[in-house]
Amino acid sequence: LYSETITPPCELWIAGSGHIAQAVAPLALQLDFAVGIFDDRPELANHDLFPRDVSLHVGHWEEILNAPFAATPTFGLIVTRGHKHDALVLETWIHRPFQFLGMIGRARKARTITEHFIQNKVATAAEIARVACPVGIKIRSQSVPEIAISILAQYIEKRAELVHPTGKNELV
């Protein structure tokens, strides 16, 4: 008896269109994620820098961050141009029903944003605990492609948990 679970591709929304997003997006497409890029900079969020299969959401952050979710599970990745913009995106996305939400940065950045969000009642400690920061598995990545692989390895793991919630994968 052979059985195979077939599911539609999960969505991967990437806030930011810089070098990390440019490395993650094409690889995520190859890994069967439907990729969307969200940014306020049309000079970076365009099909000259991203494959045609990537959907682009360009405009004011307040407008694009509330895009409707697809019927498939949606994952979020925050890799904007700095702490200020990461916090701006997180302020909205932390309340959205992402299957998994990751944000690039060091542990210090995570502490700073956590303290700010709790102090200003932007989010609860439980909501903040759902955010993986720093995002990615620890493989001592240095280069942008290595960072992209580190990030996507974690997203593959989280996607696999949807298909195999017991943690028992047929293929390793």
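Colleague: Is Asp 39 buried or exposed?

Modeller: Asp 39 is buried, at 0% relative accessibility. Buried means under 20% relative accessible area, exposed over 50%, partly exposed in between (1.4 Å probe, protein chains only). This is a predicted model: local features need pLDDT of at least 70, side-chain atom pairs count only at pLDDT 80 or more, while totals for chains, interfaces and linings use all residues. Residues are numbered from 1 along each chain as its sequence is written, and side-chain values use heavy atoms, without hydrogens and water.

Colleague: Which residue forms a salt bridge with Asp 39?

Modeller: Arg 41, with the closest N and O atoms 2.9 Å apart. A salt bridge here is a side-chain nitrogen of Lys or Arg within 4 Å of a carboxyl oxygen of Asp or Glu. Arg 41 is buried too, at 14%.

Colleague: What network are they linked in?

Modeller: A salt-bridge network of Asp 39, Asp 40, Arg 41 and Arg 81. Asp 40 pairs with Arg 81, closest N and O atoms 2.9 Å apart. Asp 40 is partly exposed at 26%. Arg 81 is partly exposed at 40%.

Colleague: How many salt bridges by that rule?

Modeller: Four. One of them joins Asp 86 and Lys 109, with the closest N and O atoms at 2.2 Å. Both residues are buried.

Colleague: New topic. Which peptide bond is cis?

Modeller: Cys 133 to Pro 134, with omega near 5°.

Colleague: And what is phi at Arg 140?

Modeller: Near 60°, positive in a non-glycine residue. Arg 140 is exposed at 77%. Asp 32 has a positive phi as well, about 70°, and is exposed at 54%.
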